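I opened the notebook to record what I looked up in this model, chain by chain. The entries below follow the order in which I went through it.

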Amino acid sequence: MSSELPPELADSPKPKELMAIDYRPPQQPWMETPVNFKPGNYCFPTKAKNLRVLDMPNPREWAPEEEDWKLPENWMEIIREGMKDRLDKYRSFKLFMDICVRCGACADKCHFFLGSGDPKNMPVLRAELLRSVYRGEFTKAGKILGKLAGARKLTIDVIKEWFYYFYQCTECRRCSVFCPYGIDTAEITMMGRELLHLLGLGINWAMEPVANCFRTGNHLGILPNGFKDALDFFAEDAEEITGVKIDVPINKKGAEILFVVPSGDYFGDPGTYTCTGYIMLFHELGLDYTWSTYASEGGNFGLFTSHEMIKRLNAKIYAEAKRLGVKWILGGECGHMWRVVNQYMDTMNGPADFLEEPVSPITGTKFENANSTKMVHIMEFTADLIRHNKLRLDPSRNDNRIVTFHDSCNPARAMGILEEPRYVIKNVCNNFYEMPENTIREQTFCCGGGAGLGTDENMDTRLRGGLPRGNAVRYVQEKHGVNSLACMCAIDRATLITVCDYWARGVEVTGIHEMVANALIMRGEKDRQTDLRGEPLPGKEDEEDV
Amino acid sequence: MYNGGKIFAGLIVFICLITFPVWYNVVRGKAAYRPELKIVTEEKECVESSEYMRNEHMHLLDDWRNSVVRENKRTYTAYDGKEHEMSLSNTCLKCHSNKADFCDQCHNYLEVTPTCWDCHVIPEEKKL
Amino acid sequence: MGASFSLLTVLVLVLLAFMGVRVAGWDPLFGVVIPYTALFVFLVGVVYRIWDWAKSPVPFRIPTTCGQHKSHPWIKGNNIENPSNIFGVVIRMALEILFFRSLFRNTKTELRADPSPRLIFGENKWLWAAGLAFHWSFLFIVVRHLRFFTEPIPFFVGLIEYMDGLFEIGVPTLYMTDVVILAAVTYLFLRRVVIPQVRYISIAADYFPLFLILGVAISGVLMRHFYKVDMLRVKELATGLFSFHPVTPEGIGVSFYIHLFLVSILLIYFPFSKLMHMAGVFLSPTRNMPNDNRKRRHINPWDYPVKVHTYEEYEDEFREKMKKYGIPVEKE
């Protein structure tokens, strides 16, 4: 690996400089400290065309660094109404506005605070940005006592502050693990973003995918033909490597299983290798399944927008399952997709009474924990296969990898799928080391680019947010020679590359099913020379030249 | 999902706990009870004023105990110059001879368990 | 600013009670009217706040999962940190409420410069320990006080009283909870001022209850050990209050009225403040629900239809492309 930084990091300061973080808060109180929009610390606003596709309010072109944000005239009323509406609809919101005691346990749990030292990135203050207005507008004590009760008035500067800080939160829920009342900043950020959207304030990197997904079925705006092209291309690649010809069923009616993945998996490396891994595995199993072009997105940037948008985008999955007449749904490696599937899908778009309770056609295992939603995580599926010895695996094919595993925020803290991926990884590779315990499982650190922040224009913020994760990766890199960071999340696969390039140079990011497919001995396969990336397999390095 | 039933039940429990003294006193019907202290003596006055004794008798007894046991001093000079022997049995109990009618009245009423009787023998009750 | 304002407020309250009773002689006001008002505001206020929370539904099941979920029978699920049924939830909530489970996880993160810049994580149980010590001693103290409110005194009050004074230090016996609560509240105050981040987030609403509780505890200790009052009359007043035959016996010392007044203020302040976390913790949606969404459907009472992009609309737009690439379509 070259020591040159990739182009998106060319302008960034050296890691040592970025790590000179001052955690001491400034002298003036936070209510009197205005936000400072600088290139690198905020995301570009939503383009008007994307808001129009979605019928969302106040489509226009604007810029955060400019004074005038072109808000509707009655913006104050909109926010007040919006808050009241949400206080009445979400007990979580109301409760979390009321019961925080500001003990500060959450403060150093946030990756953005650890990376920036900005006190408003402490989860408690991020929430106070909203709470202070709640008190000032909705509580007697706040109206009478003002600042003494921690209340303030709603002003344009407050809105700007919200925009800045609610887009410096990746809704990772790490703070919620430590909060004695379970206050979940993700819930608060979601409410903050919903309110901002009422004024037409969003970020394009989240809203363009939402608009795309609404129209084309996936975040990246890939049309049906492009989708088929990509999958066919992976099948050809796989055939080249294994000599096994693979069919990829698309929109196949009557298939037993509908398979849904995040679009990142068929769009960009290294997700594509994982995607190739899926089709190789399913081919080897002879699985009766289908992909869908209409439901070609498991991820759901609606989660980073509003509850309504979650539902609007997620509706496609059940609708497509019904149209195709499948029995149940299998979901690929994705983080926030699984938060949506586990916590929202059935409530929003269920009941899925037209589906059957999921059963693995290979092992006969009933996935009883998914009896209502009827959607199974691929890691549950594959772990079950391995457990029942249904796969022939040669883990030594991954011997060039010294692997550690990054728990993605949502599967860890909004679902709890911790052991399945570890079980699979340990069965497909021989070198596995855990990162320190404060940085994995329910205490895992975010990649810094979740919740719609995985773009390049906010690189400074992203690198700072990625610091704790990068720091832990570097620790195992130095201690155990780890060179591969495995994860089961498309956003991770996109953003952790940058985090590793910057904080732990030389560590590659890999999906789990990429490693599964590397280890998988397929029927009728030829003597494989390379892994899915076209790199020579361990022990085959010399044969390459022959 | 409101969980109204569970919250309502929780509120009832909360109210019951907070109002415990109210309904407990109603059920037991003894809230109006006041201790009655009976003293069988011809003495007009204790070693100190009643006011002082009421609030500070535990300190006085403690001081007496320390003084006798640790310093072998047995004479107490009261505010009016009168001298008394520092002795629970010989001085105090001479007048306050009925533990049940005197000591226990307040001590039970206020859940106080003095350690006097860990060493001292409870005097025989005098019939009134 | 928040701290000094709060301290001043509590001192004024003390002065108010002192003047009111010692100078003005308004014993009935401080002994009956204010306590009754306080109890009323506390009860009604707390019930109202809880009911107000209850009016907002929990539209989605959003537990924060802190352990392995229940999936395959051969993978051990963690039914406490990631409950899959009500039993697990009850245990999880009990641990949270009785032992502050989440706070127990607390860590301290530090940036070390040598040998190369890195973050390190360490244990940090002080906040948990002080918090737990404070809350439990508060509870013990409240239960202990039942000896003034009830006649005859229930057995458990005596038991707690006995345990609390187990070491038999001094006369009257020093209560351990008194020492613990003073130490814990002092620590909780000091960390607010000393830790820069915590000082930065602290407002008057954080300092005021600390000083108020400190005031209650100090006045209580002073009354027990230094400025004695006539306990018989105190109990007469207290049982009078709770049996609705209020009396203000002559000659109870002023230190009692100061104590009672501060408690009354605490009760009145309670429903309007962050102290409502006492009730809120029971309702926290990230803790009090099982993570069984995929097994049991959660109902959102205000669910409404949303505008979606149907398959038909989708196929209408892309039909030609799909046909050209051999992707099956509904309408040829």
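**Chain B, domains.** I looked up the spacing of the two domains of chain B and found that the centres of domain 1 and domain 2, taken over C-alpha atoms, are separated by 41 Å. Domain 1 covers 1–33 and domain 2 covers 35–128 of chain B, with bounds that come from an automatic or database domain assignment.

**Conventions.** I note that this is a predicted model, in which local features need pLDDT of at least 70 and side-chain atom pairs count only at pLDDT 80 or more, while totals for chains, interfaces and linings use all residues. Residues are numbered from 1 along each chain as its sequence is written, and chains are lettered from A and ligands numbered from 1 in the order in which they are written.

**Chain contacts.** Two pairs of chains touch, and the pair with the most contacts is A and C. Chains A and B do not touch, their nearest C-alpha atoms being 9 Å apart.

**Chain C.** I listed 14 helices and two strands in chain C. Its radius of gyration (over C-alpha atoms) is 28 Å, well over the 20 Å that the globule rule gives for 332 residues, so chain C is more spread out than a compact globule; the rule is 2.2 Å times the number of residues to the power 0.38. Along the principal axes, the C-alpha atoms of chain C fill a box of roughly 100 × 60 × 45 Å. Of the 332 residues of chain C, 43% count as buried, a residue being buried if 20 or more other C-beta atoms, placed from the backbone, lie within 10 Å of its own.

**Chain A, overall.** I listed 22 helices and seven strands in chain A. The radius of gyration of chain A is 23 Å, close to the 24 Å that the globule rule gives for 546 residues, so chain A is as compact as a globular protein of that length. Of the 546 residues of chain A, 63% count as buried.

**Chain A, strands.** I found an open sheet of four strands in the order S2-S1-S3-S4, with parallel pairing; strands pair if DSSP finds at least two bridges between them. Strand S2 (289–290) and strand S4 (375–377) stand at the edges with a single partner strand each, so one side of each is left without a neighbour in the sheet. Four bridges join strand S1 (residues 257–260) to strand S3 (residues 328–331) of chain A, and Val260(A) stands opposite Gly331(A) in S3(A). I also looked up strand S6 (residues 484–487) and strand S7 (residues 508–511) of chain A, which run parallel and are joined by four bridges, with Leu485(A) partnered by Val509(A).

Methods:
Two residues are in contact if their C-beta atoms, placed from the backbone, lie within 7 Å. A residue is buried if 20 or more other C-beta atoms lie within 10 Å of its own, exposed if 12 or fewer, and partly exposed in between; C-beta atoms are placed from the backbone.
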